[in-house]
Amino acid sequence: MAKEIKIILPPMGEGITDARITRWLVKIGDKVEIDQPVVEIATDKVDSEIPSNSAGTVKERLFNEGDTPQVGQPILILTVEAGVSSADSNVDVTPTRIEPTIDLSKKNEVSNHVSNEESFTGLSPLVRKIIKEEGISSSELKQITGSGLNGRINKDDIISYIQKRDSKISEIEFKALETVQSSQTQPSETGTRHEIIPMDRMRKLIAEHMVMSKQTSAHVTSFIEVDVTNMVEWRNRNKDNFQKSEGEKLTLTHLFAEATVQTIKKLPLINSSVDGDKIILKKDINLSIATALPNGNLIVPVIKNADRLNLSGLAKGINDIATRARENKLKPDEIQGGTFTITNLGMFDTLTGTPIINQPQVAILAIGAIKKRPVVIETPSGDVIGIRQMCIISLSYDHRIVDGALAGNFLKTFRDTLESFDRRI
């Protein structure tokens, strides 16, 4: 005897009460398997897929694309034949795992070219985007061996295939591709050629967030130069032992993060937000780490309670969220609740910058590139010139509650912490 099972919108982290349905991956009458993605949802900057916790046939979709159901609400009804197992014996089934992969059993549903929207049934957002951008056909997709769960194709499989395919493209083919691309450009009113590139959803959100931040806070940026020679040399001496003992790579970002937490503890007002005419002083230090994504966008995952972590804990946390951010595997609550942000401009060899505050925070710290320069060194026997590892640090802050004295004191304390760097594993 058949029964009905409701798929529930699962919890997605503290403070997140709803999510927008961006795309249904199944239609009424479709048969689904356990763990098969059935719907795409979006919250803030994170796109996720909800898998089914039961095998069955789609009877009803309870929301349309663009609707915003609440956490805990049923969103899909399945008809399940007697004897078919599910991940839960209750009538309502709440999915608990999200997998950004492609089910190989769905590859036959792909049409002759994946640009057809019907071809996207069962594909994750990131993989679909790569397939569309690279023009991978259904026949090419069948050549790819999946390394994910149950033989599913994931992002790494797609990228590996593209790299191998592109290495075989001849120079003539490249020229032909350039000709086609050139023919797609259009002359502007002034006679110059241009190409119109629509913003993707994440870029739109970033743009809105940045404009809102500039309109909300009175932005000011202060700078300080830091001699990080001791820290760089310590890291170079200890990184191999650290990886052996802790199982994690040790980067300079981890050391900057540790120094940031130490400085915030001494000057806690920098770890706050504004609510009208009230200052909300945060008791926990939730460190946001700006992370560049492969598609050129930026996401800011959060290390919760960073003040309770030692260097090893910070390294593990930062490495983990950075890796999962680039693989589009972050959970929605992992980009929520930050109280202070670090952005490492030095990764792109940028000397310094004036970053925009990550609302509702009141400050953001930017780490510039570390460069060897001749500098004057004061010694008991007189001044000398030496080659030192120098770095420019900038702090953008909300002048409504952070004045120049607090910002200057923060930068000076941060500099002194780095320049007096002397610790043991």
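Okay, a bit of housekeeping. Residues are numbered from 1 along each chain as its sequence is written, and side-chain values use heavy atoms, with hydrogens and water left out. Since this is a predicted model, local features need pLDDT of at least 70 and side-chain atom pairs count only at pLDDT 80 or more, while totals for chains, interfaces and linings use all residues.

So, confidence. pLDDT is the predictor's confidence in each residue, from 0 to 100. The chain averages 82 on that scale, and 78% of the residues score at least 70. Where does pLDDT stay under 50? One stretch is residues 96-122, and another is residues 169-174. If we call it a contact when heavy atoms are within 4.5 Å, the model has 73 contacts beyond four places in sequence for residues 96-122, and three for residues 169-174. Where pLDDT is low, the predicted coordinates should not be read in detail.

On to the charged pairs. Side chains of opposite charge can pair when their charged atoms come close. The rule here for a salt bridge is a side-chain nitrogen of Lys or Arg within 4 Å of a carboxyl oxygen of Asp or Glu, and by that rule the count comes to 13.

Let me show you E4 and K59, whose side chains meet in a salt bridge at 2.1 Å, N to O. E4 sits in strand β1 (residues 3-8) and K59 in strand β6 (residues 56-61), so the pair ties together parts that are 55 residues apart in sequence. By strands and helices I mean DSSP runs numbered from the N terminus: E with at least two residues for strands, H or I with at least four for helices. For the cut-offs, buried means under 20% relative accessible area, exposed over 50%, and partly exposed in between (1.4 Å probe, protein chains only).

Now compare R324 and E334. Are they buried or exposed? R324 is buried, and so is E334. Their closest N and O atoms are 2.7 Å apart in a salt bridge. R324 is in helix α8 (residues 311-326), with E334 in the loop between α8 and β18 (340-344), 10 residues away. D320 comes in too: salt bridges that share partners join D320, R324 and E334 into one network.

There's also a bridge between D277 and K278, at 3.8 Å, N to O. D277 counts as exposed, with 72% relative accessibility.

Next, the surface. L269, I279 and L281 make a nonpolar patch of about 230 Å². Patch members have over 30% relative accessible area and no salt bridge; like charges are joined within 9 Å, and nonpolar side chains (Val, Leu, Ile, Met, Phe, Trp, Tyr) within 5 Å. L269 is in the loop between α7 (252-266) and β12 (272-275), and it is partly exposed at 32%.

Last bit: backbone. Most residues other than glycine have a negative phi, and most peptide bonds are trans. Here, though, a cis peptide bond joins Q359 and P360, with omega about 5 degrees. P360 is in the loop between β18 and β19 (363-367). That loop also holds D349, a non-glycine with a positive phi of about 65 degrees. N305 has a positive phi too, about 50 degrees, and lies in the loop between β17 (302-303) and α8.

Conventions. Accessible areas come from the Shrake-Rupley method with a 1.4 Å probe; for residues, only the protein chains shown count as cover.
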